[in-house]
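Try each task before you read its solution.

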Amino acid sequence: MGRLFLFVFLITEHTNLTFLSYTFKMNKEYYLREKLKEIDRILRDEYQNSTDIGVLSGVSGIAIFQFYYAQFLQKEHHKDVGADILSWIIEKINNGYIYHTYCGGIAGAAWAIEFLKKEKFIDLDTDLLLSQLDDFLIDSIQRQEDNIVFYDFLHGVLGIGYYFLKRYQSTESIVLKKKYKDVLLEIIVSLDASSLKDKDGARWESVLIIEEGLKGYNLSLSHGMSSIINFLSRLVMYDDFHASGKELLEESVHYIMRLKSEDASCTSFFPNWVTIDHIQSKNTRLAWCYGDLGVGISLWRAGIALKNTPLSKSAIDVLKRSASRKDRKEAKVIDAGLCHGAYGIMHIYHYMYQETNDPIFKEAADFWIDQALEMATHKEGYAGYMQWKAGEESGWKTETNILEGIAGIGLSIISYLAPFKTKWNECLLIG
């Protein structure tokens with residue numbers, strides 16, 4: 001009788017634990033769906049208050065959210081909102097808008113339009129529409145080539161080049177494809193010419209701390225060498241760029257891999273930057289913008305492009321180790337957005353789980369989405385979220401965009417819940 005009681009107790013206990021786990025999962029999905037409803041409502045009300053049109057800090061990223069939300073819910077209304085936003089962007093450009101960057105300006109908005117066309121969310125003749133912007137954007141590249149930070153992904157040439165890569169991939173015109181090929185080859189030449197090369201590899205000098213005039217080599221995905229590696233990795237997949245870009249990609253990977261630390265006291269493998277005097281930053285944050293996540297994602301893509309299995313394995317090792325960092329304070333995670341917050345961390349691990357099927361990444365993604373839900377505590381925020389701004393205007397701010405705001409949060413939630421694979425993260429050099 002005692003054994004029977006114990007058996008029944010164990011079955012009941014197991015059933016209760018399973019039920020609790022199932023209930024928690026269902027509650028989490030419910031809360032995430034409620035967040036999406038709030039985010040959608042706010043974005044529809046607020047998008048016309050945006051001053052930027054770019055894909056990361058501007059309103060075109062909000063359009064991407066609306067199209068994916070329509071696909072997620074199977075409701076056409078959200079597509080109509082997305083189409084209204086695109087019309088608003090085109091009208092703004094026609095009325096004289098001339099800010100050029102990928103993050104906030106025309107290059108990013110045009111990338112978003114081409115992306116939505118490629119994913120069959122919209123049906124536009126982008127060869128006719130977007131080619132009208134080509135000369136303006138090419139001139140924007142040429143105006144920046146003497147700038148020390150000309151290659152910056154968010155605000156410099158690399159972001160504009162990323163738009164031209166999207167056009168190169170998508171255009172149906174032989175003439176336009178050659179034009180985009182030439183632009184991209186010129187960017188590779190400029191990158192090569194502006195690099196410092198020696199036995200340590202290839203690197204690019206930039207200003208690390210503007211206020212102090214500190215110069216060195218930035219490794220970040222947002223502004224530094226990881227974005228160059230990521231960009232070149234995408235180019236060398238094509239025969240048109242393989243010969244001219246492969247060696248430069250290998251040299252830049254070599255430089256970054258030299259900086260990989262085996263110091264067990266450090267919580268990260270790579271520094272944010274290295275000064276001219278070889279001083280390295282220590283214990284970087286856990287984020288898309290700076291630190292091991294951005295470096296790891298870029299090395300992963302380089303390993304695929306170069307068919308270098310050991311490099312791909314090293315990238316996975318970097319990302320796996322980062323997954324053990326679960327102290328928000330140690331990881332320097334203050335807010336929830338994609339750039340340097342909990343949802344951005346979650347999304348990278350979720351993406352890597354889809355790529356590798358490694359349960360370590362799933363566990364990390366589940367952990368960070370729970371942390372992100374806990375951060376929705378701001379009564380004045382959008383869906384409970386606000387963005388922490390450092391510097392002279394430090395404080396909590398509301399944001400609607402992909403990079404730091406609720407459009408990015410919403411897209412990462414859709415990717416986490418959706419039964420289909422999403423590709424919007426290409427805008428952040430992830431997918």
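**Exercise 1: a histidine in its helix**

Histidine 347 is found in helix H14. Helices here are DSSP runs of H or I with at least four residues, strands are runs of E with at least two, and both are numbered from the N terminus. A word on the ground rules: this is a predicted model, in which local features need pLDDT of at least 70, side-chain atom pairs count only at pLDDT 80 or more, and totals for chains, interfaces and linings use all residues. Residues are numbered from 1 along each chain as its sequence is written, and side-chain values use heavy atoms, with hydrogens and water left out.

*Task.* Is histidine 347 buried or exposed, and which residues is histidine 347 in contact with, leaving aside its neighbours within four places in sequence?

*Solution.* 
1. Start with the cut-offs: buried means under 20% relative accessible area, exposed over 50%, and partly exposed in between, using a 1.4 Å probe and protein chains only.
2. Histidine 347 has a relative accessible area of 2%, so it is buried.
3. Contact means heavy atoms within 4.5 Å. By that test, histidine 347 touches Ser412, Ser415, Trp424, Asn425 and Ile430, with neighbours within four places in sequence set aside.

**Exercise 2: the whole helix**

*Task.* Find how many residues of H14 are buried and what H14 reaches from its first C-alpha to its last.

*Solution.* 
1. H14 covers residues 342-356, which is 15 residues.
2. The expected span is 1.5 Å times one less than the number of residues. H14 reaches 21 Å, close to the 21 Å expected.
3. Eleven of the 15 residues are buried, leaving H14 mostly covered; among them are Ala342, Tyr349 and Met352.
4. Just after H14, asparagine 357 takes a positive phi of about 60°.
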